[in-house]
Amino acid sequence: MKFLVVGVGAVGSVFLSFLSRAKHQAIGLVKPGRDLKRIKVEGIWGEFEQEVMVVDDISRLDYLPDVIIVSVKSYDTESALKEISSLVEKGSYLLIAQNGYGNYEKAINLFGKDRVILSRIIFGAKLLEWGRVRVTVCADHVVLGSPYSSIDEAFLRRLADTLNASGIPTRYDRDVYKYLWDKILYNCALNPLGALLEAKYGQLAENPHTREVMDSIIDEAYEVLKAYKIQTFHASPQEYRKHFYQELIPPTAEHYPSMLEDIKKGKTEIDALNGSIVSLAREAGIKTPVNQAITAMIKAKESIR
């Protein structure tokens, strides 16, 4: 298959290097003036160094990608979608491989439900330096699918098999949107607190004070889910919290959130996480004071360094 990876940060570096190693045509789209010849991979999925190709302008592509993997930070989604719009119009599919709420929604508003594939990414990767990435943790497979069943299932299964065979554990699932919200809840509860307190996920779960805050974040989020009739795998916040503490946190207990690195750089994805909960709640006339406070604290920390 032919791929274009938009955003060669931590997650994008993993996709680009693994697909290139598996002999697929894969090119990374980087910012103007940047270049990259090789990516060194280390961590739980093995160590290797892979030659890669990148371009800083889509006019330099010599093929039409079957799939464009969008792995930019959520605050860059709109500009990235605009940059690759001509490729989608010519027939490329988009695979949204990003954190948070709103990325998939922006893409389908632009290109339609039959061109955009959603994925839930729950492996952790850290960009140690340009061209060097470490896979730190993997709580489950990458899950991909079409929330509205508007893309051929056989193609989606083939894409999942292709990624899986390249070394990135991946599977197809019709309930991908539920998986996404499972991850959004997980990130909302853990990422901002981990960034503010510079704490590992396990430390947050063990501390009674942060645990109380995380419980409130989840409770408020479920009020929003209920208002918008968004279905999840867990019918109540109590049921989700049991899953969260007993199943999700243990395999990632030693992990620091990527937001910790982002906050040091002065820009995070808080608007696509707790900020999206606040925005959706406001539109529905619901109060979410804890999520609002957490969002405000992250935004303050972005500017106070």
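This is a predicted model: local features need pLDDT of at least 70, side-chain atom pairs count only at pLDDT 80 or more; totals for chains, interfaces and linings use all residues.
Q: Staying with H12, what span should its 15 residues have?
A: At 1.5 Å a residue, H12 should span 21 Å, and its end C-alpha atoms are 21 Å apart, which agrees.

Q: Good. Which residues of H12 are buried?
A: Asn291, Ile294, Thr295, Ile298 and Glu302 are buried in H12. They cover an arc of only 100° around the axis, which puts them on the same side of H12.

Q: Why would residues along a helix point the same way?
A: An α-helix has 3.6 residues a turn, so residues three or four places apart point the same way.

Q: Let's go to H10, then. Which of its residues are buried?
A: Met259, Leu260, Asp262 and Ile263 are the buried residues of H10. Seen down the helix axis, they fall within an arc of 165°, so they line one face of H10.

Q: What do they pack against?
A: The buried residues of H10 pack against H6 and H12.

Q: Which residue just after H10 takes a positive phi?
A: Gly266 does, with a phi of about 90°.

Q: You mentioned H6. Where's Asn187, and is it buried or exposed?
A: Asn187 sits in helix H6 (residues 176-197). With a relative accessibility of 3%, Asn187 counts as buried, because the cut-off for buried is under 20%.

Q: Which residues does Asn187 touch, leaving out those up to four places away in sequence?
A: Asn187 touches Asn99, Pro192 and Leu273.

Q: Changing topic: what's the strand order in the open sheet?
A: Four strands form the sheet in the order S4-S3-S10-S9, with mixed pairing. Strand S4 (48-51) and strand S9 (123-129) are the edge strands, each pairing on one side only.

Q: How much are neighbouring strands turned against each other?
A: By 25° on average, with direction ignored.

Q: How many bridges join S3 to S4?
A: Four bridges join strand S3 (residues 38-43) to S4, and the two run antiparallel. Across that pair, Lys40 stands opposite Glu49 in S4.

Q: And how many between S9 and S10?
A: Six bridges there, and S9 and S10 run antiparallel too. Glu129 has Arg132 in S10 as its bridge partner.

Q: Which residue in the hairpin of S9 and S10 takes a positive phi?
A: Gly131, with a phi near 90°, in a hairpin that has two residues between the strands.

Q: Last one: which strands does H1 lie across?
A: Helix H1 (residues 10-21) lies across S3, S4, S9 and strand S10 (132-138), and runs at about 95° to S9.

Technical notes: Residues are numbered from 1 along each chain as its sequence is written. Side-chain values use heavy atoms; hydrogens and water are left out. Buried means under 20% relative accessible area, exposed over 50%, partly exposed in between (1.4 Å probe, protein chains only). Contact means heavy atoms within 4.5 Å. The expected span of a helix is 1.5 Å times one less than its number of residues. The arc is that of the directions from the helix axis to the C-beta atoms. Two strands pair if DSSP finds at least two bridges between them. Axes are lines fitted to C-alpha atoms, for helices over the stretch in contact, and angles run from 0 to 180 degrees between N-to-C directions.
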